[in-house]
Amino acid sequence: MRVTKFVASPGFIPGLMADPKFQGAILAKGIDVRKGIKGNLPSGASGGRRVAAYARKAYAEKDGQGRDFRVVVGTRWRLGHLIEFGSVNNPAYSPLRKSVLAAGLRLSGGGR
Amino acid sequence: MALADPLVVCRETLLADPAVVAATGGRVYATPALPVGHSYPCVRLTLVGASGHTPVGFRQGMEAAVQLDAWAEDMTVVSTVAEACLDALHGVPDQPGAVYIKAVFEARELDEAAQPPLHRYRADLSVRVAKID
């Protein structure tokens with residue numbers, strides 16, 4: 001019986017990561033995540049200025065070159081961690097993680 | 001049959017474990033805000049997202065992203081609580097109603113603004129909840 005052996009191309013992933021079209025598609029996905037943040041925040045009385053600041057200062061931008069390319073999505077509001085992860089006095093609204101899931105992406109911790 | 005609420009399943013799994021109950025005094029909450037007047041150590045579960053699915057080789061069930069927070073006034077206590085919780089949630093895969101952890105991303109921090117200062121353990125869990133037959 002003939003067996004076909006799969007050999008991964010060592011240049012495939014680095015080449016893909018360096019492709020401007022691929023980078024544009026990833027950035028577009030990041031922008032989708034950023035846009036989804038507002039819809040995953042509480043509205044009305046439970047929202048308020050803190051929540052509005054989180055969404056207003058949200059960003060999605062390119063970072064790195066070539067095979068180190070990545071898209072970073074976050075918020076520049078300095079208390080954003082309290083909205084995202086909560087604290088003993090704050091619920092964890094997790095708008096960024098919810099938006100990642102809503103965009104059809106997979107959550108995996110730890111970054112790279 | 002309907003899928004169970006992943007937070008309810010996780011909380012029941014934790015409260016069914018003697019080590020978790022001993023470490024937390026039964027203070028395991030699945031509410032967005034901790035109850036007024038709560039004491040420590042305590043655990044809070046928050047649902048980030050969930051989806052039902054039927055992957056190959058897995059009984060129909062649900063995959064959920066759950067944030068687990070544990071607070072205690074002592075670092076060793078919070079470690080004991082976290083360890084007990086993760087052990088309890090590492091169930092047997094593919095058993096009816098079972099919950100088990102697929103992945104964990106954890107962080108530890110000290111809230112110095114709280115009085116007394118609180119040690120916090122936070123874990124982002126990717127859990128699978130098997131369908132209850």
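1. Contact here means heavy atoms within 4.5 Å. On that basis, 15 residues of chain A are in contact with 19 residues of chain B. The model is predicted, and the points below should be read that way.

2. Start with the extent of the interface. The size of an interface is often given as the accessible area lost when the parts come together. Chains A and B bury about 1,200 Å² between them. Carbon and sulfur atoms carry 59% of that area. On the chain B side, the residues losing the most area to chain A are B:Arg44, B:Val48 and B:Phe105. Together they supply 34% of what that side buries.

3. Between chain B and chain A the count is 1 salt bridge. A:Arg97 forms a salt bridge with B:Asp124. Their closest N and O atoms are 2.6 Å apart. Across the interface, 7 residue pairs are in polar contact.

4. Which elements of chain B give two or more residues to the side that touches chain A? They are strands S2 (42–53), S3 (61–72), S4 (99–111) and S5 (118–130) of chain B. S2(B) has the largest share, with 5 residues. By residue type, the side of chain B that touches chain A divides into 9 nonpolar, 4 polar and 6 charged.

5. Look now at helix H5 of chain A, residues 95–102. Its buried residues are A:Pro95, A:Leu96, A:Arg97, A:Ser99 and A:Val100. After H5(A) comes A:Gly104, with a positive phi near 85°.

6. A:Ser94 deserves a check. Most residues other than glycine have a negative phi, and most peptide bonds are trans. A:Ser94 is not a glycine, yet has a positive phi of about 45°. The residue lies in the loop between helix H4 (80–85) and H5 of chain A. Is A:Ser94 buried or exposed? A:Ser94 counts as buried because its relative accessibility is 0%.

7. The peptide bond in chain B that joins B:Tyr40 and B:Pro41 is cis. Its omega is about 0°. B:Pro41 sits in the loop between strand S1 (28–29) and S2 of chain B.

8. How many disulfides are there over all chains? The count is 0. A disulfide is a covalent bond between the sulfur atoms of two cysteines. The rule asks for sulfur atoms within 2.5 Å. For B:Cys42, the closest cysteine sulfur is in B:Cys85, 11 Å away, so the two are too far apart for a bond. For B:Cys85, the closest is in B:Cys10, at 10 Å, which is also too far for a bond. B:Cys42 is buried, with a relative accessible area of 0%. B:Cys85 is buried too, at 0% relative accessibility.

9. Last, a residue in strand S2 of chain B: B:Ala50. With a relative accessible area of 43%, B:Ala50 is partly exposed. Leaving out residues up to four places away in sequence, B:Ala50 touches B:Pro6, B:Met62, B:Glu63 and B:Ala64. B:Ala70 is 20 residues from B:Ala50 along the chain. Their C-alpha atoms are separated by 21 Å.

Technical notes. Residues numbered from 1 in each chain as written. Chains lettered and ligands numbered in written order. Predicted model: local features only at pLDDT ≥ 70, side-chain atom pairs only at ≥ 80, totals over all residues. Heavy atoms only, no water. Buried area = accessible area lost by both parts, 1.4 Å probe. Salt bridge = Lys/Arg side-chain N within 4 Å of Asp/Glu carboxyl O. Polar contact = N/O pair within 3.5 Å; in protein donor to acceptor, adjacent residues only side chain to side chain. Helix = DSSP H or I, 4+ residues; strand = E, 2+ residues; numbered from the N terminus. Nonpolar A, V, L, I, M, F, W, Y, C, P; charged D, E, K, R; others polar. Buried < 20%, exposed > 50% of the residue type's maximum accessible area, 1.4 Å probe, protein only.
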